[in-house]
Amino acid sequence: MVQATSITPVGTLGRRRGAGVLVEVLRSEGVRYIFGNPGTTELPLIDALTEASDVAYVLALQEASAVAMADGYAQAARRPGFLNLHTAGGLGHGMGNLLNAHIAGTPLVVTAGQQDSRHILTDPLLFGDLVTIAGPAVKWAREVTHADQLPILLRRAFHDCNAAPSGPVFLSLPMDVMEEMTDASPGEISTIDRCAVAGSLDRLAEHLAAIPPGRLALIAGDEIESSDASAEAVRLADALAAPVYGSSWPAHIPFPTAHPLWAGNLPTKATEIAEILGAYDAVFALGGKSLITVLYTEGSAVPPGTQVFQLSADVRDLGRTYSTTLSMVGDIRASLGVLLPILEARIADRRADYAAERARAVRAYDARRARLFATADAEFEAPVTTPLVAAREIARAVGSDIAIVDEAPATLGHLRTFLHSAWCRQYSSIRGGVLGWGMPASVGFSLGLDRAPVVCVVGDGAAMYSPQALWSAAHERLPITFVVINNSEYNILKKFMKSQTHYASVRANRFIAMDLVDPRLDFPALAASMGVTARRVERAADIAPAIEAGIRSGGPNLIEVVVCAT
């Protein structure tokens with residue numbers, strides 16, 4: 001009879017390698033997944049994981065994918081993602097998606113292996129100044145120089161990536177440090193309450209109560225999601241009968257899209273934002289960075305005469321671009337919890353006025369959706385599916401209970417208008433604007449939601465930045481339905497060029513590097529090569545049934561949806 005050999009847990013050893021100490025700290029911090037793509041300098045950590053069956057290594061086939069997977073996981077799980085990249089080259093590969101995480105404020109502990117520090121004098125292969133490379137995309141960056149430093153620096157990294165403003169931090173891990181023997185204790189996890197209540201909430205209640213019903217708009221920023229304050233935002237909107245707009249360039253829609261006070265996301269041009277906000281006496285922005293603009297237009301996004309109120313945990317965003325009547329620093333959920341009883345008492349004598357405004361909002365919401373569906377119905381039989389119809393069919397198939405990760409510029413704006421859900425965490429999108437986030441992020445989202453189904457909607461151009469994510473989804477057997485919106489061109493770029501009548505491209509009707517043809521991209525073949533079942537859909541009537549079947553399959557699948565270029 002063969003007896004099973006027991007493996008001594010890393011945490012019970014005496015002197016142990018730096019890599020073992022790192023794993024102990026990860027375990028105590030509740031890390032379930034390490035996202036990465038290993039090289040020589042990462043092998044000490046890979047070896048230490050042999051004795052840590054409770055920490056899984058999620059293999060990406062390229063570092064940009066690994067970063068986005070960790071980003072998606074952190075957003076879905078609401079806890080820091082842990083990432084291990086390969087020296088200067090791997091960190092360089094991951095920089096685009098690391099910038100996405102930085103802009104989105106995603107809490108990540110980013111690490112990269114480094115050459116043995118005794119070897120650096122000889123300018124060895126694979127060496128680079130990792131701290132300098134990482135610097136622009138992280139809150140801070142540091143190289144560990146001794147195994148004894150690992151517990152403090154790792155604990156600090158987990159703390160600081162979560163502290164406002166949240167975002168990635170970076171540690172360089174030389175091979176000799178990871179191999180070095182140490183007696184250092186991994187230490188204990190700290191309990192930190194960051195839910196500070198803002199001051200001046202009584203003054204804010206006075207201001208808000210003085211604004212007539214219908215003359216105040218709320219802006220639901222991404223910080224509502226990270227603060228888990230959606231319920232409080234709904235209660236505030238209901239109390240004031242105030243329409244709620246989403247950020248102009250959101251990572252999330254942290255307000256129920258089925259709520260009649262939901263007015264949709266703001267546009268991305270300052271002139272168009274100002275046209276909307278000009279209908280109100282005041283706006284109250286919950287969270288920072290709510291009025292991001294993309295292309296320049298003349299004038300401010302906040303029109304003259306419109307008061308601005310702000311609440312954010314990030315002091316840097318308060319009064320940064322627009323003058324404010326009152327800005328407050330504080331956690332949104334904790335602060336609204338204190339504000340709401342004060343405000344509700346002050347407006348109690350005008351309940352009938354607010355009720356009438358809410359009834360008007362219900363009628364407006366229903367009329368807006370009726371017009372939207374009528375337009376989609378009119379386009380349904382078009383010879384080539386329009387982006388509007390594709391978005392309607394995707395929303396119809398997904399329903400209200402499945403998470404959506406969106407990086408499809410052609411349908412993105414349309415899809416948001418068709419969403420109709422009470423779930424405030426259904427929708428996530430690319431905040432940083434660097435392509436190649438959506439497909440790998442959906443892998444992280446599914447893992448962060450305990451392997452729940454996810455629908456990833458991605459453009460044909462964006463899909464070619466990180467198609468390696470298909471392999472990781474198949475390897476992890478995740479229930480992800482990838483919907484590739486294929487218009488065979490860089491549609492947003494071509495549309496912009498066509499709008500510039502002074503461009504030579506317009507006169508010649510020739511748009512260089514805008515078309516993805518000759519040869520045509522074959523997404524089903526690409527998916528099949530990575531173990532993912534796939535199909536191509538060319539008829540509008542086939543879109544929803546294909547997506548519904550993909551979700552029911554319980555495994556990774558890809559649906560290519562052909563749409564016209566508009």
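I started with leucine 295, which counts as partly exposed because its relative accessibility is 39%. For the record, I am working from a predicted model. I looked up where leucine 295 sits: the loop between β12 (282-286) and β13 (307-312).

**Whole chain**

Next I stepped back to the overall picture. I noted 22 helices and 20 strands in the chain. Along the principal axes, the C-alpha atoms fill a box of roughly 75 × 60 × 60 Å. I also looked up burial, and 54% of the 566 residues are buried.

**The sheet next to the loop**

The loop sent me to its flanking strands, so I traced the sheet. Six strands make an open sheet, and I wrote down the order as β11-β10-β9-β12-β13-β14, with parallel pairing. β11 (262-265) and β14 (326-329) are the edge strands, each pairing on one side only. From one strand to the next, I get an average twist of 15°.

I then went through the pairings around β13. β12 and β13 run parallel and are joined by five bridges. On the other pairing, β13 and β14 also run parallel, with four bridges between them. Which residue in β13 is the bridge partner of leucine 286? I found leucine 311. Leucine 311 in turn has methionine 328 as its bridge partner in β14. I also logged glutamine 310, whose bridge partner in β14 is serine 327.

Is β13 enclosed or open to the outside? Five of its six residues are buried, so I put it down as largely enclosed by the rest of the structure.

**Salt bridges**

Opposite charges on side chains can pair when the charged atoms come close. I counted 29 salt bridges.

I picked arginine 17 and aspartate 47 to begin with; their side chains meet in a salt bridge at 2.8 Å, N to O. This pair links distant parts of the chain, with arginine 17 in strand β1 (residues 16-17) and aspartate 47 in helix α2 (residues 43-48), 30 residues apart. Aspartate 47 is partly exposed because its relative accessible area is 45%.

The next pair I opened was glutamate 29 with arginine 155, where the closest N and O atoms are 3.1 Å apart. It also links distant parts of the chain: I found glutamate 29 in the loop between α1 (18-28) and β2 (33-36), and arginine 155 in helix α6 (residues 150-162), 126 residues away. Both glutamate 29 and arginine 155 are buried.

I then looked at glutamate 393 and arginine 392, whose side chains form a salt bridge at 2.7 Å, N to O. Glutamate 393 has 1% relative accessibility, so it counts as buried. Arginine 392 is buried too, with a relative accessible area of 8%.

Note on methods
Residues numbered from 1 in each chain as written. Predicted model: local features only at pLDDT ≥ 70, side-chain atom pairs only at ≥ 80, totals over all residues. Heavy atoms only, no water. Helix = DSSP H or I, 4+ residues; strand = E, 2+ residues; numbered from the N terminus. Buried < 20%, exposed > 50% of the residue type's maximum accessible area, 1.4 Å probe, protein only. Pairing = 2+ DSSP bridges. Axes fitted to C-alpha atoms, helices over the stretch in contact; angles between N-to-C directions. Salt bridge = Lys/Arg side-chain N within 4 Å of Asp/Glu carboxyl O.
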